[in-house]
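The following exercises concern a single protein chain. Please work through each task before reading its solution.

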Amino acid sequence: MVRPADVEYLRDYNDASVVAVARRAGVFDRATIASATGLTPQAVSKVIARLVAAGLVEPDGVRRHGVGKPASVYRLVPDSRYAIGAHVARRTLRMVLSDLTGRVLQTVARPLPPDFTPGRLLDELSAGVGALAGECRAGRLVGVGIGMVGPLDHAQGVVRDAHRLRHWHDVPLREMAAERLGLPVLLDKDVAAGVVGEAWLGGVDVRDAALIMVESGIGAGLWLGGGVYRGAHTNAGEFGHMVVQVDGPECVCGRRGCLEILHDRALAAGEAGTAARVLAVGVVNLLQTLDVDHVVLAGADLLPHAATYLDVVRTAVRTEVPRADWLAVEVTTSRLGTDVIAAGAAMEMLNERYGLPREPRPGERVPGPGAARPGGGPPSRA
Ligand SMILES: [Zn+2]
């Protein structure tokens, strides 16, 4: 016997599947949804009726394909739901408002004082939400996604020990922010949020990717097998703290010769080419370990020298990966620019409510309702 909670979950999962397909397809009909999700035509009709009633989807006339009967087509309503994304860096808070398709509608950036406290961040978040939420129609804001420097625990919503931020030891930021803002809040590492944003925009072609973030520190967001990879403690991606010079200079993490300290020293000395070279060594190490085929370079410290970094990293990938002709890797800069973390955090919030942990390729069946939800939280009704 199926308990009511399971039925609710299945309905929610089916709704989310249809929204995910709709987001990619633009306009769609029942057959598009049925073939992409594996749902029966009857189930598809029920889901579409629910989504139309909720305002997420609207009819868009009929289309005739070949000789068959004309089919009713539908489209997603972009402004039916919004999310706010926040990027908490060591010196700035950047926030975006995004619609249901993930498009960034508005951005606000606010400086953060050196060594800011949790209370100060909550004040700034609250002011930012106030500035952005005015653009949404009432009742359409689903929540706030926060991408922050780690180490942090995404599942528990707790910042464990943000490097170089004294007041951030075991701070339950998700709970504190939800209480202060009166909205659902999701907390993730900055780099994990960023790679979700890049993968969302890249669509189903992006199966295995790394986002390398260079902005007061260096981290890597990992997208493996078509989903974000966070690791056993949700702290994967401390890429800058891989040692590349045994007995090198001491790093903030306590070890010596980390990629981050060598890179940052070179960049501070005005040697962008050397800094890029250090980063490239790390990127090749990562490729040798994980075999991703997309590397996205991002971050406020890298973007002013984007051409140098792209050139140096691409050369290293071409010449230092054995059989680079076979292990082809695309290296680009972020298509979301300086918004990448904030926009990714907003997309994560939308994904938690209206998305899938792993988007299927066209024609591929989605995993069953037992699959893990992004965010690790309980499933919620769309
Ligand atoms: Zn280190």
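**Exercise 1.** In which loop is the place of glycine 150, and is glycine 150 buried or exposed?

*Solution.* The model is predicted: local features need pLDDT of at least 70 and side-chain atom pairs count only at pLDDT 80 or more, whereas totals for chains, interfaces and linings use all residues. Residues are numbered from 1 along each chain as its sequence is written, and side-chain values use heavy atoms, leaving out hydrogens and water.

Step 1. Glycine 150 lies in the loop between strand S7 (141-148) and strand S8 (152-153); strands (E, at least two residues) and helices (H or I, at least four) are DSSP runs, numbered from the N terminus.

Step 2. Glycine 150 counts as buried because its relative accessibility is 7%; buried means under 20% relative accessible area, exposed over 50%, and partly exposed in between (1.4 Å probe, protein chains only).

**Exercise 2.** Identify what glycine 150 touches beyond four places in sequence.

*Solution.* Step 1. A contact means heavy atoms within 4.5 Å.

Step 1. The residues touched by glycine 150 are Asp161, Ala162, His163, Lys189 and Glu238, not counting residues up to four places away in sequence.

Step 2. Glutamate 238 is 88 residues from glycine 150 in sequence, with a C-alpha to C-alpha distance of 8.3 Å.
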